[in-house]
Amino acid sequence: MGGCLSKPKPVEVKVELTLLEKEKEADLMSPNGKASPFSECRPNGSLGHCSDEDSAALRPSHKHRDYIEATVCHVKDLENGQMREVDLGAGRALLIKEHGEFSAIGHKCPHYGAPLVKGVLSKGHVRCPWHGACFSIATGDIEDFPGLDSLPTFQVRVEKDKVIIRANKQALQTQRRTKAMAKCSAVINSSTSFSHVLIIGSGPVALVCAETLRQEGFTDRIVMCTMEKHPPYDRPKLSKSLESTAEQLQLRSMEFFQNHDIELLLEKEAVSVDVKTKTVTFQDGYKMEYRKLLIATGSKPKSINYKGKDIGNVFQLRTPEDANSIARLAGSKNAVIVGTSFIGMEVAAALTDKAHSVSVIGTEAMPFRKALGEKVGKALMKLFEMNRVKFYMLNEVSEMRGHHGQLKEVVLKSGKVLRADVCVIGAGSSPATSFLKQSGVHMDSKGFITVNKMMQTNVDGIFAGGDVVTFPLALRGNKKVNIPHWQMAHVHGRVAALGMMGKTSEVRTVPYFWTAMFGKSVRYAGYGDGFDDVIIQGDLDELKFVAFYTKSEEVIAVASMNYDPIVSRVAEVFGSGKTIKKRDVETGDMSWLIDKGSQ
């Protein structure tokens, strides 16, 4: 299959440690070892930057911290383009050699903790093998998403052909770094109904936008309004880990928002936007004016028509409370999933070790067919069946029947009656944009907001991102697309923030998403809409495969299971602007991927 898929041989490394107790010198550099990013001061009250004097106050003191030094290898132990995870005694680091130079950064992806040594090194950055996030090997900064934090960097020097790493012990333990952020310098009363930047939503678009503004030196008021009752949380985990609480899924603490002057208003649902007066009205009657507005309201579950709408224990998974209730009610009982969306199938997988029975109802012949193709769809369907999931495909729900108001049976249009104590409807979603109908913000016939490369709408000062938009995708010749992925939403947030500050940026990232079931993950990169063929390498029956999705003679997307890091490798090729031809992947020899862009 090619050398890119072989496991690295374990190497024994003699480690010599030197503990430097209570380091005396003050580290006045920013955490990434670079000079302050804040410059070009503009007057307070504008969308500008703070001064270098202000930024000095933002940097945490590095006085009196414990550092450690370790000799980790010989200079000849690593070839150019190689990475190695090394132990410093107080923690581990990722040692990298590129262009004859050594560097060292955190070894775990801050997103979900993936071992970056198994990722892809290319042109000054490392790409995570699990979900495609990229980090600069020079600064540790996150360059592509998902995830919010960057990596710590560690000093490397060579003495007598020995490679020595000097690292802060706390950084070794945390394996993550939050970029320095500006503070709000505007004098604001919390009752003031005006914000320089108003953000509607609390998902990754909203959160990354707010954080990017502060990272870029924005010193005015930022208000984030959400109809959720929880601070931002990791929504993709809801369908995979049903018993997780909002606190366990939390992306940032309330203290984080307070420390960085990002105001968070919970349980605030926007009902209208007046673009002339630049005012947003909320369901409780509260109104707020804005200078810049970001719409990031995400999607809402599609409803289905059936008799018995008043029956209890029927859910559309939206909140941690929904997930917790589904898990509790399904315990040793009968669960029915309506719809074969990724969320629906993830819930079905999560319930198999809790419920007495799990049944899935779908309108197509198999799950995942539209996104992953018939061959992969069949293989994954077989995996579910092996885990006791019963499928009722080419079918729909006719009625929900209950006893004392609680669900007991789901009746299909075919006449089949399924025992059911809890039902989850996962029949897809639509953009949550109905509140914009009279606003003048342009939307297409399906309710998606159309934006340009900088995530700007047709209305000056209004930006949008995430599930609610169609945007030009550079990877596909700037074709207007909707990609409701967690990773893409992060990118939109950053591009929108830079746009608000007058900094030209655009979405150049490679779409990357994943789904998990029964302890296995499918990774996917590219944009496969309209594929006309699927080239499979590996073994579908053993669920160890890579699928290349082609259109005409070009590969436009890739998916894999148990084949890391090939999806990240392909994403790296896509990201470099290179084209992968169908003939390149038909031979079965994927060795051509191993060194793509790594030198």
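**View 1. The whole protein and its surface.** The accessible surface of this protein comes to about 26,300 Å², and 47% of that belongs to carbon and sulfur atoms. Keep in mind that you're looking at a predicted model. Of the 599 residues, 54% count as buried. Now take the contacts with a separation of 6 or more: residues 24 or more positions apart account for 63% of them.

**View 2. An open sheet of three strands.** Here the strands line up in the order S28-S30-S31, with mixed pairing. At the edges sit S28 (449-450) and S31 (479-481), each pairing on one side only. As a bit of background, strands of a sheet pair through backbone hydrogen bonds, either parallel or antiparallel.

**View 3. Zooming in on S28 and S30.** How do S28 and S30 run? They run parallel, and two bridges join S28 to S30, which covers residues 469-473. Look for threonine 450, which stands opposite threonine 470 in S30.

**View 4. Helix H10, tucked inside.** H10 takes in residues 486-500, so 15 residues in total, and 14 of those 15 are buried, so the helix is largely enclosed by the rest of the structure. From its first C-alpha to its last, H10 reaches 22 Å, close to the 21 Å expected at 1.5 Å a residue.

View 5. Which residue with a positive phi follows H10? That's glycine 502, with its phi near 80 degrees.

Technical notes
Residues numbered from 1 in each chain as written. Predicted model: local features only at pLDDT ≥ 70, side-chain atom pairs only at ≥ 80, totals over all residues. Heavy atoms only, no water. Pairing = 2+ DSSP bridges. Helix = DSSP H or I, 4+ residues; strand = E, 2+ residues; numbered from the N terminus. Buried < 20%, exposed > 50% of the residue type's maximum accessible area, 1.4 Å probe, protein only. Contact = heavy atoms within 4.5 Å. Areas by Shrake-Rupley, 256 points an atom, 1.4 Å probe, with all protein chains shown as cover. Expected span 1.5 Å × (residues − 1).
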